[in-house]
Amino acid sequence: RTYFPVKMPTTKKTLMFLSSFFTSLGSFIIICSILGTQAWITSTIAVRDSASNGSIFITYGLFHGESSQELSHGLAEPNKNFAGILHNSSQRTLHLMAILFLVLSLFTSLLSSGFTFYNSISNPYQTFLGPMGVYTWNGLSASFVFVTMILFVANVQSNHLSEELSHLLYPAITSKGTTHSYGHSFWLILLIILLNIVTVTIIIFYQKARYQRKQEQRKPMEYAPRDGILF
């Protein structure tokens, strides 16, 4: 039985793929953090009822949120924490789709972390386990998280998610206008996309350097005198 020695990766490959591993892992950790926070958006809704005018402040994320009132006259209701109050509606459908795409981005970021770490310690024979797999998972991760961003904004701006939440939380109040301020958890999506781009860029530089090294190794044979080559 013949055994072939396993060729270990070069130090340069190990360092570059480890760098990609840390950027992929960073993307994974950020997605985990923004899934659980409620600092995606704060909506200020001007309201009026039979007794007073004022504002409602609603801060929420993908799974839970908090609301408070400031009224010019009358007694404001206590702050409310809420979760899962959307019923069968277009707002609920878009919200669930945003969560789904973010979870898919989380999964693909995890796969990218696994692929980059595996390549830092070995030289896989299968093409897809190498750089091609890293490109695929990072491309999908960036695409999924970008779709999440678009769906969330569309649900807030065009589908009036915040107004729907205010009506569910304060049925007796009429809204007169809404302003939105997106929180740090929402803007961290751009950092996730940037980390995906950095991961791919590192691997592109590695492949370019590897190609140039192979080309330089071929040159001595190409330019050697023909009478000096033994066949």
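Which residues of the largest nonpolar core touch the most other members? In this predicted model, they are Trp-40, Ile-58, Tyr-60, Leu-102, Phe-152 and Ile-189, out of the 32 residues that the core holds. The points below cover the cores, the sheet with the helices lying across it, and the salt bridge.

**Nonpolar cores**
- Leaving aside neighbours within four places in sequence, Leu-102 is in contact with Ile-31, Ile-34, Leu-35, Trp-40, Leu-62, Val-145 and Thr-148.
- Another core, of eight residues, lies apart from the largest one and includes Phe-115, Trp-137, Ile-202 and Tyr-206.

**Sheet and helices**
- Five strands form an open sheet in the order S4-S3-S2-S1-S5 with antiparallel pairing, and the twist from one strand to the next averages 20°.
- Strand S4 (80–82) and strand S5 (174–182) are the edge strands, each pairing on one side only.
- Strand S3 (residues 65–71) is joined to S4 by three bridges, the two running antiparallel, and Ser-67 stands opposite Lys-80 in S4.
- H3 lies across S1, S2 and S5 and runs at about 155° to S5, while H4 lies across S1, S2, S3, S4 and S5 and runs at about 110° to S2.

**Salt bridge**
- A search of the whole structure finds one salt bridge, in which the side chains of Glu-77 and Lys-80 meet at 2.9 Å, N to O.
- Glu-77 is partly exposed, with a relative accessible area of 36%, and Lys-80 also counts as partly exposed, at 22%.

Key. Residues are numbered from 1 along each chain as its sequence is written. This is a predicted model: local features need pLDDT of at least 70, side-chain atom pairs count only at pLDDT 80 or more; totals for chains, interfaces and linings use all residues. Side-chain values use heavy atoms; hydrogens and water are left out. A nonpolar core is a set of buried Ala, Val, Leu, Ile, Met, Phe, Trp, Tyr and Cys residues joined through side-chain atoms within 4.5 Å. Buried means under 20% relative accessible area, exposed over 50%, partly exposed in between (1.4 Å probe, protein chains only). Contact means heavy atoms within 4.5 Å. A salt bridge is a side-chain nitrogen of Lys or Arg within 4 Å of a carboxyl oxygen of Asp or Glu. Two strands pair if DSSP finds at least two bridges between them. Helices (H or I, at least four residues) and strands (E, at least two) are DSSP runs, numbered from the N terminus. Axes are lines fitted to C-alpha atoms, for helices over the stretch in contact, and angles run from 0 to 180 degrees between N-to-C directions.
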